[in-house]
Amino acid sequence: MNIINGLRKTAWMAVAAALLSSLILTAQGVGQQGTPAGEQLYRGYCAVCHGERGDGRGIAAPSFGGKIADFTNPEYWKKADDKKIAAVILKGQGRMPAQSVSPEEARAIVEYMKSAFKGAYGS
Ligand code: HEC
């Protein structure tokens, strides 16, 4: 009986360890299905308001009067800087609530925004 209990415990510990390491991997940027973490995070946290394409037209945008920055506008990137964007993500700004991501995740999101929205429009 004791041996079986011992085996059960070991099996559960292995399952727990596997779960934990997959969580850690995900957090470190190895996203599901090979999607980069920054993109997944943007879609998960930001797209609802800022839009999948970053144009400020997410499903929730109308409740903010539609006045959300258009990240696809080259003008936006003339004034933007990485640290400021990360600070908005972590602390919120005006009507935008702070997002519960880590500073590393905020940086990954900023990198994604630059490659997908800024880069795409050649500014
Ligand atoms: C609940 C809706 C909502 C979510 C979710 C949200 N935002 Fe915002 N965001 C806003 C609104 C509204 C503003 C305009 C805030 C203001 O009043 O200045 C804004 C402003 C910003 C700004 C500043 C733009 C400027 O004009 O300088 C940045 C950068 C930004 N958001 C990035 C993000 C990122 C990245 C995420 C995801 C991690 C995110 N936001 C999630 C609603 C949202």
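Student: In this predicted model, at what angle do H2 and H5 pack, and how far apart are their axes?

Tutor: Two packed helices are described by the angle between their axes and the distance between the axes. For H2 and helix H5, residues 103–118, the axes lie 8 Å apart and the packing angle is about 95°.

Student: Which residues of H5 meet H2?

Tutor: From H2, the contact involves Ala-37, Gly-38, Glu-39, Leu-41, Tyr-42 and Cys-46. The residues of this contact divide into 8 nonpolar, 1 polar and 3 charged. On the H5 side, the partners are Glu-105, Ala-108, Ile-109, Glu-111, Tyr-112 and Met-113.

Student: Which residues of H2 are buried, and against which helix do they pack?

Tutor: The buried residues of H2 are Ala-37, Gly-38, Leu-41, Tyr-42, Cys-46 and His-50. These buried residues of H2 pack against H5.

Student: Why does Tyr-42 count as buried, and which residues does Tyr-42 touch?

Tutor: Tyr-42 belongs to helix H2. A residue is buried if 20 or more other C-beta atoms lie within 10 Å of its own, and Tyr-42 counts as buried because it has 24 C-beta neighbours inside 10 Å. Its C-alpha atom is 8.9 Å from that of Ala-108, which is 66 residues away along the chain. Leaving aside residues up to four places away in sequence, Tyr-42 touches Ala-47, Ile-109, Tyr-112 and Met-113.

Student: How far apart are the C-alpha atoms of Leu-41 and Glu-105?

Tutor: Leu-41 is a residue of helix H2, and it counts as buried because 23 C-beta neighbours lie inside 10 Å. Not counting residues up to four places away in sequence, Leu-41 touches Val-101, Glu-105, Ala-108 and Ile-109. Leu-41 and Glu-105 are 64 residues apart along the chain, and their C-alpha atoms are separated by 7.5 Å.

Student: Where does H2 bend, and by how much?

Tutor: Helix H2 spans 37–50. Just after H2, Gly-51 takes a positive phi of about 85°. The bend of H2 is at Gly-44, by about 45°.

Student: Which helix gives the most residues to the shell around the ligand?

Tutor: Two helices, H2 and H4 (82–91), each supply at least two residues of this shell. The highest contribution, 5 residues, comes from H2.

Student: Which residues come nearest to the ligand, and how many in the shell are nonpolar?

Tutor: There are 19 residues around the ligand, of which Cys-46, Cys-49, Ala-69, Gly-94 and Met-96 come nearest. In the shell, 4 residues are polar and 1 is charged, while the nonpolar residues number 14.

Student: Is Lys-83 buried or exposed?

Tutor: Lys-83 is found in helix H4. Its C-alpha atom lies 8.9 Å from that of Val-110, 27 residues away in sequence. Because Lys-83 has 11 C-beta neighbours inside 10 Å, and 12 or fewer is the criterion, Lys-83 counts as exposed.

Student: What is the C-alpha to C-alpha distance of Lys-118 and Asn-73?

Tutor: Lys-118 lies within helix H5. With 18 other C-beta atoms within 10 Å, Lys-118 is partly exposed. In sequence Lys-118 and Asn-73 are 45 residues apart, whereas in space, C-alpha to C-alpha, they are separated by 7.9 Å.

Student: How many helices does the protein have, and what percentage of its residues count as buried?

Tutor: The protein has 5 helices and 0 strands, and its elements from the N terminus on run α-α-α-α-α. Among contacts with a separation of 6 or more, 44% are between residues 24 or more positions apart.

Key. Residues numbered from 1 in each chain as written. Predicted model: local features only at pLDDT ≥ 70, side-chain atom pairs only at ≥ 80, totals over all residues. Near = placed C-beta within 6 Å. Helix = DSSP H or I, 4+ residues; strand = E, 2+ residues; numbered from the N terminus. Nonpolar A, V, L, I, M, F, W, Y, C, P; charged D, E, K, R; others polar. Axes fitted to C-alpha atoms, helices over the stretch in contact; angles between N-to-C directions. Contact = placed C-beta atoms within 7 Å. Bend = angle between axes of the 7 residues up to and from the residue.
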